[in-house]
Amino acid sequence: MASNLAVAVMNGIVWGLILALIALGLNMIFGLLHIINMAHGALYMLGAVAAWYFIELTGNYWLALGTAPLVVGGVGLALERGLLRTIEDKPLVTIICTFGIMLALQQLVLMQFGGTARRIALPISFRFPLFDLQYPAMRIAIAAISAAVMAGLWVFLNKTRYGLWMRGVVQDREMAVALGIPVHKVYMWTFVLGSFLAAFSGVLAAPIVSVDFMMGREILIMAFIIVIVGGMGNLWGSVVTAVMISLIQGVGSIFVVPSTATVFSLGFMILVLLVRPQGLFGE
Amino acid sequence: MLADRGKGAVFVPAFGAVAAVLAALPFFVDLFYQTFLTEILVWVLFAISFDLIFGYTGLLSFGQALFFGLGGYAVAIPVLKLGLGTGTGLLLSVAVPALFAALVGYFSVKLSGIHFVIITIIFALIGSTLGESWAWLTGGADGLVFPAPPIDFGLFRLDLMDIRSTYYLVLAVVALSYLFLRRMVQSPLGKVFVAIRENEERARLIGYDVRFHKLLSFVIAGGLSGLAGGLYSVSLKYASATFLHWSVSGHAVVYTIVGGAGTLLGPVLGAGLIMSLEHYLVDFLQATDLVVGAVLVFMLLLAPRGIMGLAQGRRK
């Protein structure tokens, strides 16, 4: 029991940190561009699939972790410049548009990659004892990398000029334009960064879950839950919520059926939407 | 008003002609295409019911799949487990989803914009999660297979195991639903829906109860989505929890956007066009969703008012 609980807690934290990265990307895009990016899960999936191809080619997971998100960031750049730029001021239209992009990306991957799920071998096969069970060290590495990326993001947002611009645009778009901040450039790079983060977490998740073209569909909903409960536009609320929800689901699933846990978390989300639409940690 | 009356003069013969052609078609096409046409008609009904809530009332609901799936079960479960008739089942497929729409809508219409979109997705997700886990009732993802008993109309019996009879049932119901919706959007009630879409604040200041009218639109759309789901399960003799998944709502969204939201005729054309496109593409392209997604995105960017917008723009 103690070892089961310990594994559930560890898994909850690891998975929570991966989810936090996904939700951060989604939330940044929402906070800045006011786009509910339905294609976010597909970009996560694209990251994992791209990583699978890189690993097939080079056999090196770490190389894939470095390159696959950049490729998907490029895809994000093309999507923002080519498609979303003209409709950025219409939230409902962008929801439908990104839904279409999601369909197209999923099917594109289905055509190239096939419908079967594939596994990526753990790049660190070392396991350490946790009570009477063996826990893979890779998961600790994943959690650490995820935390490091978030720390990097914090520095980027708070200590660089681009980060200052981004925060400025979120606070007051018109004032930002008046002060000469290149708002459309900020939009573009935010979308690229969000896509990059989605893909990065896809590569991080790939050795834990299996890689297939539908893997982004459930994740998208999880990311929505996190962003709403944590507060739309509130980045660090997302991080806390991601870890919290993942822990509750992980530990909860020892005691109740997973579908019951899902229904409860969905019901909780409705409650938050109705009672505190600004999120638990919003002002 | 004058323009509306002018359209009416065109509408009656045009509707009659289309209905006559559709009624004659089964004598010229084989069983495969009769099934295909039945399927198109079902999705047409789903799309026009979505058009009422999105195109006319301005609420983007990704939760219509919940009512569609419920409508399927509202036929399948009473027929299979209670021994009721198909006709009763189809009535239930309007009533039960409308009831659920009232419940879901009561909470959902408190929110607007993207919050509304998300809450409808969540309600549909709860539905599909429960549908999949309550396999004793719903058959889960495997679904329920049931024989549809014939409907007795007094003068004649409609054998629903026959593909052509099913086609006529679906055609009649969808045609009547279309007329019902057309009548509604042209009525003062329909004008209120449009007023809410155009400017919620103004509609409220004029004195309309915005929340009540949104809820009313949501319940009507939910009931008709349920009817579409009921007809779908009658034509397939099958209902499944996968129909409850929120992404099924995407069908209605795509058909409505491509055809032109807020026109009723647009979603009909959109459903026919996209489904035919998928049907012909599937032979040499495995991934039809790729084309559907691409068509959706490009219509949004290049012709945001859909096929109808293109046609009307040409006329002006």
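A residue counts as buried if 20 or more other C-beta atoms lie within 10 Å of its own, as exposed if 12 or fewer do, and as partly exposed in between. Keep that rule in mind as you look through these views of a predicted model.

Figure 1. Is L92(A) buried, exposed or partly exposed? L92(A) has 17 C-beta neighbours inside 10 Å, so this residue counts as partly exposed. For a sense of distance, pick out V240(A) as well: L92(A) and V240(A) are 148 residues apart in sequence, and their C-alpha atoms are 28 Å apart in space.

**Figure 2. The hairpin of chain A, made by β1(A) and β2(A).** Strand β1 (residues 127–130) and strand β2 (residues 133–136) of chain A run antiparallel, joined by four bridges. Follow R127(A) across to β2(A) and you will find P136(A) standing opposite. How many residues lie between the two strands of the hairpin? There are two residues between them, and F131(A) in the turn has a positive phi of about 50 degrees.

Figure 3. Chain A has eleven helices and two strands. The C-alpha atoms of chain A fill a box of roughly 60 × 45 × 35 Å along the principal axes. A compact globule of 283 residues would have a radius of gyration near 19 Å, and chain A agrees because its own value is 19 Å. Of the 283 residues in chain A, 47% are buried. Among contacts in chain A between residues at least 6 apart in sequence, 77% link residues at least 24 apart.

**Figure 4. The largest nonpolar core, with 193 residues.** Which residues have the most contacts inside this core? They are L46(A), A48(A), A51(A), A223(A) and L45(B). Helix α1 of chain A, residues 2–33, gives the most to this core, with 16 residues. In soluble globular proteins, nonpolar side chains tend to be buried together. Now zoom in on L45(B): leaving aside residues up to four places away in sequence, L45(B) touches V174(B), S177(B), L224(B), L227(B), A228(B) and L231(B).

**Figure 5. Where chain B meets chain A.** Here 32 residues of chain B are in contact with 34 residues of chain A. On the chain B side, the elements giving two or more residues are α5 (113–133), α11 (249–259) and α13 (288–302). Which of these gives the most? That is α5(B), with 13 residues. Sorted by class, the side of chain B that touches chain A has 22 nonpolar, seven polar and three charged residues. The predictor gives the complex an ipTM of 0.86 and a pTM of 0.89.

**Figure 6. A look at chain B, with its 14 helices and four strands.** The C-alpha atoms of chain B fill a box of roughly 50 × 45 × 45 Å, taken along the principal axes. With 316 residues, a compact globule would have a radius of gyration near 20 Å; chain B has 19 Å, which agrees. Buried residues make up 49% of chain B. Chain B has a mean pLDDT of 90, and 95% of its residues reach 70 or more.

Note on methods. Residues are numbered from 1 along each chain as its sequence is written. Chains are lettered from A and ligands numbered from 1 in the order in which they are written. This is a predicted model: local features need pLDDT of at least 70, side-chain atom pairs count only at pLDDT 80 or more; totals for chains, interfaces and linings use all residues. Two residues are in contact if their C-beta atoms, placed from the backbone, lie within 7 Å. Ala, Val, Leu, Ile, Met, Phe, Trp, Tyr, Cys and Pro count as nonpolar, Asp, Glu, Lys and Arg as charged, and the others, Gly among them, as polar. A nonpolar core is a set of buried Ala, Val, Leu, Ile, Met, Phe, Trp, Tyr and Cys residues joined through C-beta atoms within 7 Å. pLDDT is the predictor's confidence in each residue, from 0 to 100. Two strands pair if DSSP finds at least two bridges between them. The radius of gyration is taken over C-alpha atoms; the globule rule is 2.2 Å times the number of residues to the power 0.38.
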